[in-house]
Amino acid sequence: MITFSIPRNTLVTVAAVAVALTALTGCKDTPNAQNGGSAPTSASASAPTSSASAAPVAGAFEPEAALAEAGKTPYAATMKATTEVAGREVATTSGRANFETVFTGRMEVRAADSAPGMWMETVTTVDGNYVRDHSEAGGAWTKMPRAADNRASYAGYAKLLLATGPSAKKGMENQGGVPVYHLAGRLDIDQVASVDPRTHRSMKAKGVTAFDCDQWIDGQGRTIRFEQHMDMRGMPSANKILFSEFGPVETFDAPTAS
């Protein structure tokens, strides 16, 4: 378990960052506030709606066809995630990782002023998770066990959204010049267990029963943008992720002592 020395009055922030870290790194456990435990959460907030463009989008496709191919070819991608509480950014996670396969990758996590001093690097390999906490003296790498079920399927999230019914299909849009299909809906936390077991455990431990989800996929079923919206102690919170620079699966080696 990774513990950050953060004041107790930032528990909501820590809980939000904990969920984000579970989704984006290979840690077996999630961070908690010092002596504070996990902040209880609920999920009554509604995600912002986004209407599809009225004009036809070049390269239009049906999401079912794209997702039929998703997962057949694992890939690497660069990603940047932000965690927000009450509309204010509290942490960012950025790096490169492999997706739709056993998760490996290298990430950097930095917290904003609301969680002072939090700056971490993580390297997840096939046999372990390496963590370097720059807020600690020395900042040495520490090897930790990786979660046995560390495999999040973003294509699986999209399939869950489609299964909620026709209302999940928001239509074609354009994200950074790429034609994408926008899916959105509310997911029960137990639905997530089959596609992202670590995030399921983390959210459920914090009292989350459901969350609003928006997802944008390309014609190959790869996720270009992904958002989760929920409430934490009555405060609207969100995790927002952007993916880019797709390529073949890469190898991530254990970091050296330096």
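Asp218 is buried, at 5% relative accessibility, where buried means under 20% relative accessible area, exposed over 50% and partly exposed in between (1.4 Å probe, protein chains only). The side chain of Asp218 meets that of Arg222 in a salt bridge with an N to O distance of 2.9 Å; a salt bridge is taken as a side-chain nitrogen of Lys or Arg within 4 Å of a carboxyl oxygen of Asp or Glu. Arg222 also counts as buried, at 19% relative accessibility. The model is predicted, so local features need pLDDT of at least 70 and side-chain atom pairs count only at pLDDT 80 or more, whereas totals for chains, interfaces and linings use all residues. Residues are numbered from 1 along each chain as its sequence is written, and side-chain values use heavy atoms, with hydrogens and water left out.

The protein has 4 helices and 14 strands, assigned as DSSP runs (helices H or I, at least four residues; strands E, at least two) and numbered from the N terminus. Of the 258 residues in the protein, 55% are buried. The accessible surface comes to about 11,100 Å², and carbon and sulfur atoms account for 52% of it; areas come from the Shrake-Rupley method with a 1.4 Å probe, and for residues only the protein chains shown count as cover. Among contacts between residues at least 6 apart in sequence, 60% join residues at least 24 apart, a contact being heavy atoms within 4.5 Å.

Strand 12 (residues 210–217) is largely enclosed by the rest of the structure, because 8 of its 8 residues are buried. Burial applies to both faces: Ala210, Asp212, Asp214 and Trp216 are buried on one side, and Phe211, Cys213, Gln215 and Ile217 on the other. Strand 12 runs antiparallel to strand 11 (residues 178–188), to which 8 bridges join it; strands are said to pair if DSSP finds at least two bridges between them. Within this pairing, Cys213 of strand 12 stands opposite Gly185. Strand 13 (residues 223–232) also pairs with strand 12 in the antiparallel sense, over 6 bridges, and Phe226 in strand 13 is the bridge partner of Gln215. The hairpin of strand 12 and strand 13 has 5 residues between the strands, and Gly221 in this hairpin takes a positive phi near 80 degrees.

A pair of aromatic rings is described by the distance of the centres and the angle of the planes. Rings of Phe, Tyr and Trp (its six-membered ring) pair if their centres lie within 6.5 Å, with planes under 30 degrees apart counted as stacked, over 60 as edge-to-face and the rest as tilted. The whole structure contains 10 aromatic pairs. One of these is the tilted pair of Phe61 and Tyr181, at 6.5 Å centre to centre and 50 degrees between the planes. Phe61 lies in the loop between strand 3 (41–42) and helix 2 (63–69) and Tyr181 in strand 11, so the pair ties together parts that are 120 residues apart in sequence. Phe61 is buried at a relative accessible area of 15%, and Tyr181 is buried at 7% relative accessibility.

Phe99 and Tyr154 form an edge-to-face pair, 6.0 Å centre to centre with 65 degrees between the planes. Because Phe99 lies in strand 5 (residues 88–99) and Tyr154 in helix 3 (residues 154–163), this pair ties together parts that are 55 residues apart in sequence. Phe99 is buried, with a relative accessible area of 3%, as is Tyr154 at 4%. The charged end of Arg222 sits over the ring of Phe246, 4.3 Å from its centre; the criterion is NZ of Lys or CZ of Arg within 6 Å of the ring centre and within 35 degrees of the ring normal. The charged end of Arg110 sits over the ring of Trp119, 3.9 Å from its centre.

The structure holds 12 salt bridges. Among them, Lys169 and Glu62 meet at 3.3 Å, N to O. Lys169 lies in strand 10 (residues 169–175) and Glu62 in the loop between strand 3 and helix 2, so the pair ties together parts that are 107 residues apart in sequence. Lys169 is partly exposed at 30% relative accessibility, and Glu62 is partly exposed at 44%. Lys169 also forms a salt bridge with Glu64 (3.2 Å, N to O), which links strand 10 to helix 2 across 105 residues.
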